[in-house]
Amino acid sequence: MASRAPLVGIVMGSASDWEVMREAAKQLTEFSVPYEAKVLSAHRSPDALVEWVERLSAKGVRCFIAGAGGAAHLAGVCTAHTALPVIGIPIDIPPLNGLDSLLSTVQMPAGIPVATVSIGKAGAKNAALLAAAILALQDSAIREKLSQYRAKMAAEIERQDRELNSR
């Protein structure tokens, strides 16, 4: 989504992470939130990562979503180079199915916060919803879309309950 200036930066450590990170992109698109997505590595392309974070921060991005597997230092490096919120998504890769990624993402030192969501696709969707909630603090249109989204989820649960109890 590149027609408007991005409000969210999405970064992943490898192109293979797009299968998970696509969920964040889809959710942001549903809320009409422009984003820029990149493949950058905390370990293999650290200078390019820092340049990207600093460039987007200066251009008006409001938060970042960073997904990485294994050592998963991507979100931490992002937050070390911006005062903006960073949401980390642990990517579920073998052999530990994302547990290593979760621990690497959530165990940040004091003073370098990363908001960490659950492992994998559910985490990617929640990261986008958290980014939208951050943006909704100053954007009533996004706040309204979030309210409608939650109302739709509640209505679906009510429908499922009615269906269950009509058997």
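Helices (H or I, at least four residues) and strands (E, at least two) are taken here as DSSP runs, numbered from the N terminus. The model is a predicted one, and local features need pLDDT of at least 70, side-chain atom pairs count only at pLDDT 80 or more, and totals for chains, interfaces and linings use all residues. Residues are numbered from 1 along each chain as its sequence is written, while side-chain values use heavy atoms, with hydrogens and water left out.

Helix H4 is a handy place to start. Thr 105 sits in this helix, and with a relative accessible area of 4% it is buried; buried here means under 20% relative accessible area, exposed means over 50%, and partly exposed is anything in between (1.4 Å probe, protein chains only). H4 covers residues 99–106, and its buried residues are Asp 100, Ser 101 and Thr 105. Looking down the axis of H4, these buried residues fall within an arc of 125°, so they line one face of the helix. That arc is the one spanned by the directions from the helix axis to the C-beta atoms.

What do the buried residues of H4 pack against? The partners are strand E3 (63–68), helix H3 (74–80), strand E4 (86–90) and strand E5 (115–116). Contact, in this setting, means heavy atoms within 4.5 Å. For Thr 105, leaving aside neighbours within four places in sequence, the contacts are Ala 72, Ala 75, Gly 88, Pro 90, Val 114 and Thr 116. Thr 105 and Ile 89 are 16 residues apart in sequence, with 7.5 Å between them in space, C-alpha to C-alpha.

Most residues other than glycine have a negative phi, and most peptide bonds are trans. Pro 94 and Pro 95, however, are joined by a cis peptide bond, with omega at about 5°. Pro 95 belongs to the loop between E4 and H4 and is exposed, at a relative accessible area of 70%. Its C-alpha atom is separated by 9.1 Å from that of Gly 70, 25 residues apart along the chain. Asn 97 is also placed in the loop between E4 and H4; it has a positive phi of about 55° although it is not a glycine, and at 56% relative accessibility it counts as exposed. Ser 32 is another non-glycine residue with a positive phi, near 60°. Ser 32 is found in the loop between helix H1 (18–30) and strand E2 (35–39), and its relative accessible area of 33% makes it partly exposed.

Glu 30 is part of helix H1 and is partly exposed, at 47% relative accessibility. Glu 30 and Arg 150 are 120 residues apart in sequence but 13 Å apart in space, C-alpha to C-alpha.

As for cysteines, a disulfide is counted as a pair of cysteine sulfur atoms within 2.5 Å, and by this rule the count comes to zero. The sulfur of Cys 63 has its closest cysteine sulfur in Cys 78, at 11 Å, which is too far for a bond. Cys 63 is buried at 0% relative accessibility, and Cys 78 is likewise buried at 0%.

Finally, the pocket search. On a 1 Å grid over the protein atoms alone, a cavity is a set of points where a 1.4 Å probe fits but cannot get out, whereas a pocket is an open set with protein on both sides within 12 Å along at least five of seven lines; lining residues have an atom within 4 Å of a point. Grid points are joined across faces, edges and corners, and a volume is the space filled by probe spheres set on the points. The largest pocket holds about 190 Å³ of space. Its lining is made up of 17 residues, with Gly 13, Asp 17, Arg 44, Ala 68 and Gly 69 lying nearest the centre. Which classes do the residues of this lining divide into? Seven are nonpolar, eight polar and two charged, where Ala, Val, Leu, Ile, Met, Phe, Trp, Tyr, Cys and Pro count as nonpolar, Asp, Glu, Lys and Arg as charged, and the others, Gly among them, as polar.
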